[in-house]
Amino acid sequence: MSNRQIISALLFLLTLVPTTTGAQCKQKNTAFKSGEYLSYNLYFNWKMVWVKAGTASYGTIQSTRNGHPAYRASLSVTSNKKADNMFILRDTITSYTTLELEPLYYRKAARENKRYTVDEVFYSYAHNKTNLRLHRQNNNGTHTWQNKTSNSCVSDMLNILLRLRSYDFSSWVKDQTIELPIATGKALSTARVAYKGMTTVKADNGQKYKCLILSYIENKDGRYKETVRFYVTNDIRHIPVRIDFFLRFGSAKAYLTSMKGVK
């Protein structure tokens, strides 16, 4: 997992939703309401020592998109001065969905060290298909555009966060896995989410939470590898309490510090 995926991972809160056919992407929201705000501490494992690396914040409000009611979700991740000596991270992700959680628009602006990229995904729906317009602003300033069409419901990392949180895990058994089509500004690919059981997690707010463990597995050149592990509350809200990242340079963790406006 590259460092630029940290934000995507944080944003990728949990919500497991099975892939649907015919691009039927509507889903009932049972997990959150407008005005929810979550904050996290980030830690990097540096030379066998865990050091605080920065903060992350995530929020969802009801807004509009092209004149229609929509949810706007946003995630920002910022490394602190100590972490900047190892790796500079300034990422902002924004996603618009309908009130029935159909994805409408996705944007990720990522500054990682000297590298800066922007990804965008524009969604439209016609004839039971999902139509995608993918845009990538490369580090050298050039732009690439692609058109993709899928018969299935396609998500981005933030939209997955919203959708998966409303999934019912009560019938899942350990190691049960689903596949999810995922869009970025660069490509349309497939990821897997696997249920790994339950545990108790102590967050940075001093509270302990009974959590479901969900593993996010990426397809890299035809090979699947776990890149993120999520610990979400075992209730109808599925709030991410802890997130583990498996990085090329080591590992990182995010712990919940506060939450407000939760359902």
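Author: A disulfide is taken here as a pair of cysteine sulfur atoms within 2.5 Å. In general, a disulfide is a covalent bond between the sulfur atoms of two cysteines. The model is predicted, so to speak of its parts some limits apply: local features need pLDDT of at least 70, side-chain atom pairs count only at pLDDT 80 or more, and totals for chains, interfaces and linings use all residues. Residues are numbered from 1 along each chain as its sequence is written, and side-chain values use heavy atoms, with hydrogens and water left out.

The structure holds one disulfide. Cys25 and Cys153 form it, with their sulfur atoms 2.5 Å apart. The link of Cys25 and Cys153 is right-handed, with 135° about the S-S bond. This pair joins distant parts of the chain, 128 residues apart: Cys25 lies in the loop between H1 and S1, and Cys153 in the loop between strand S8 (143-150) and H3. Helices (H or I, at least four residues) and strands (E, at least two) are DSSP runs, numbered from the N terminus.

Buried means under 20% relative accessible area, exposed over 50%, and partly exposed in between (1.4 Å probe, protein chains only). Cys25 counts as buried because its relative accessibility is 0%. Cys153 is buried as well, with a relative accessible area of 6%. Another cysteine, Cys211, is buried, with a relative accessible area of 0%.

Asp156 caps the N-terminal end of H3, where a side-chain oxygen lies 3.1 Å from the backbone nitrogen of Leu158. Polar contacts are pairs of N or O atoms within 3.5 Å; within protein, one must be able to donate a hydrogen and the other to accept it, and residues adjacent in sequence count only if both atoms are side-chain atoms.

Strand S7 (residues 129-137) also comes into this picture through Thr130. The side chain of Thr130 reaches the backbone oxygen of Ser152 at 3.0 Å. The C-alpha atoms of Thr130 and Val154 are separated by 7.0 Å, although the two are 24 residues apart along the chain. Thr130 counts as buried because its relative accessibility is 0%.

The ring centres of Phe32 and Tyr71 are 5.0 Å apart and their planes stand at 65°, so the pair is edge-to-face.

A word on confidence is in order. pLDDT is the predictor's confidence in each residue, from 0 to 100. The protein chain has a mean pLDDT of 87, and 89% of its residues reach 70 or more. Over residues 11-22, however, pLDDT stays under 50, and the model has 66 contacts for them beyond four places in sequence, a contact being heavy atoms within 4.5 Å.

How values were computed: Rings of Phe, Tyr and Trp (its six-membered ring) pair if their centres lie within 6.5 Å; planes under 30 degrees apart count as stacked, over 60 as edge-to-face and the rest as tilted.
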